[in-house]
Amino acid sequence: MSEPSQFQAPVGTHDVLAPESAQWEGLLSTFADWAHRYGFSLVITPVFEDVGVFNRGIGEASDVARKEMYVFKDRGDRTYALRPEGTAPIVRAFIQHQPTTPFKAWYFTPGFRYERPQAGRYRQHHQLGVEVLGTDDPAVDVEVITLAQRFFEAVGLTRFRLLINSMGHAQCRGAYVELLRAHLEAHVGELCDEHQKTWRENPLRVLDCKNAACIAVTERGPMLIDHLCDDCRAHFDAVLDGLGRLGVASELSPRLVRGFDYYSRTTFEFVADALGGAQNAIGGGGRYDGLVEQLGGKPTSGIGFGSGVERLLLTREAEGAAALLSRHLDVFVVDTTGDAAAVLLDRLRRAGVASDRAYDHRSMKAQMKVADKSGARLALLIGPQELSAGEVTIRDLRSADFEQHQSRVPDQDVVSTILRLLQAK
RNA sequence: GUGGGCGUAGCUCAGUUGGUUAGAGCGCCAGGUUGUGGUCCUGGAGGUCGCGGGUUCGACCCCCGUCGCUCACCCCA
């Protein structure tokens, strides 16, 4: 295998260039703002971790742990994995640093999974999310879910729904799984090909199988929501009640079972109706009251959600949402003397004005073309005349007739004049 | 891991039953207007037709392989 004659981004990964990158900026800053409003602080953890952090966290039997992780050995023979999801590393950091609780963290991170790419699914994708550790108060469940709801609204989404379920805690779920297993065993022959083989190791998975055969079987079987213990039932009711009081609509979804082993009690998923395909989950999460222990910490409750940036952007596009952020220059400096631009730009930029210039000593006409395409509102012209007069010509690029829409100002007044013009809008 | 569709200039695409120098629009550069953008006109640069092999007198076109892109299954954000 020789080197390719031209490199390109690895399979399932993408470069994000302007102008699309501005939507990423907008999404990210909106999320940072909302997370801050809810009292969350940014936490940054490494993109790779000891492989055990993920194996023990998400469950060795899960598809992600079994065949989708990017695992590698470093030169010191340590085995690491690129993070496939965002929760386990935050929990690891929580255990390591033992911060005071409740610990409310938000993050933005790439996630890596070795899967065949398709619309809305990539080998490197990006997630925004939050985690709260140290309390099982249902008020926190409500807050986390509401934050997601408000954030989606803030970025312009309108056609999405919140699906919610409770998976119970380890004991009541354990008892239920036995009931489910007995039911499945009695109907093995009716399950889809895949689950005829795997129902025994992960019976809960059969619940969210989309195959009609499996649905027919589980429809007649026991539902977890009907077998919660009193505590879990009360917790779930409190969450539903809290959401209702905030006007957050949810749909009870008894078949909603999330893929990672660590989930317990509240489980939820946001689905976008504008996304046609199967990849319509724009966010999801839930409570994971056993995860901290599994990773070696003291028993500690936790809950969080994660949302896929690429899918949010796809959904926004499908809904025709307005741009979150438009990045354009305020000023373009056209300098045919080659002497003045650098100093003038430095003054403008230090005053907060987004400004740029052309390079390579191009003609005034060529520089004006670049100025036009830059989207800048104003052009500053400096030629031999201005230079000798100690002045600068300010030209409004929104107007066609330059003789009516440009003026000369003394060099020392340029920055204040520009600031005033930009303010006037 | 499995299956379908598609790979021709920076981008979007034409390319006649295989026939000689592979085209268009947009974009880019320059000029028309030696100090003025968006319109217009003229000219220019830019392509190993994804890659390798085969069939043929001759392949962008047909066959095989391979790589890539894309969509779907599975799973998930």
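Begin by selecting α3 (63-68), β6 (124-133), β10 (281-287), α14 (364-374) and α15 (384-389), each of which supplies at least two residues of the surface near RNA strand B, where near means that a heavy atom of the residue lies within 4 Å of the strand. Helices (H or I, at least four residues) and strands (E, at least two) are DSSP runs, numbered from the N terminus. The model is a predicted one, in which local features need pLDDT of at least 70 and side-chain atom pairs count only at pLDDT 80 or more, while totals for chains, interfaces and linings use all residues. Residues are numbered from 1 along each chain as its sequence is written, chains are lettered from A and ligands numbered from 1 in the order in which they are written, and side-chain values use heavy atoms, with hydrogens and water left out.

**Around the RNA**

Next, colour α14, which gives the largest share of the surface near RNA strand B, namely seven residues. Of the atoms of RNA strand B that come within 4 Å of the protein, sugar and phosphate account for 48%.

At Gln385, a polar backbone atom is 2.7 Å from a base oxygen of RNA strand B, whereas at Glu386 an N or O atom of the side chain is 2.6 Å from a base nitrogen.

**Helix α16**

Move on to α16 (residues 414-424), whose buried residues, those under 20% relative accessible area, are Val414, Val415, Thr417, Ile418 and Leu422. They cover an arc of only 160° around the axis, taken from the directions from the helix axis to the C-beta atoms, and so they lie on the same side of α16. Turn to the face directed away from that buried side to find Arg420, Gln423 and Ala424, which are exposed, that is, over 50%.

**The cysteines**

A disulfide is a pair of cysteine sulfur atoms within 2.5 Å, and a search of the whole structure finds zero of them. For Cys172 the nearest cysteine sulfur, that of Cys232, is 3.6 Å away, and Cys172 counts as buried because its relative accessibility is 7%. The sulfur of Cys229 is likewise 3.6 Å from its closest cysteine sulfur, in Cys232, which is too far for a bond.

Notes:
A polar contact is a pair of N or O atoms within 3.5 Å; within protein, one must be able to donate a hydrogen and the other to accept it, and residues adjacent in sequence count only if both atoms are side-chain atoms. Buried means under 20% relative accessible area, exposed over 50%, partly exposed in between (1.4 Å probe, protein chains only).
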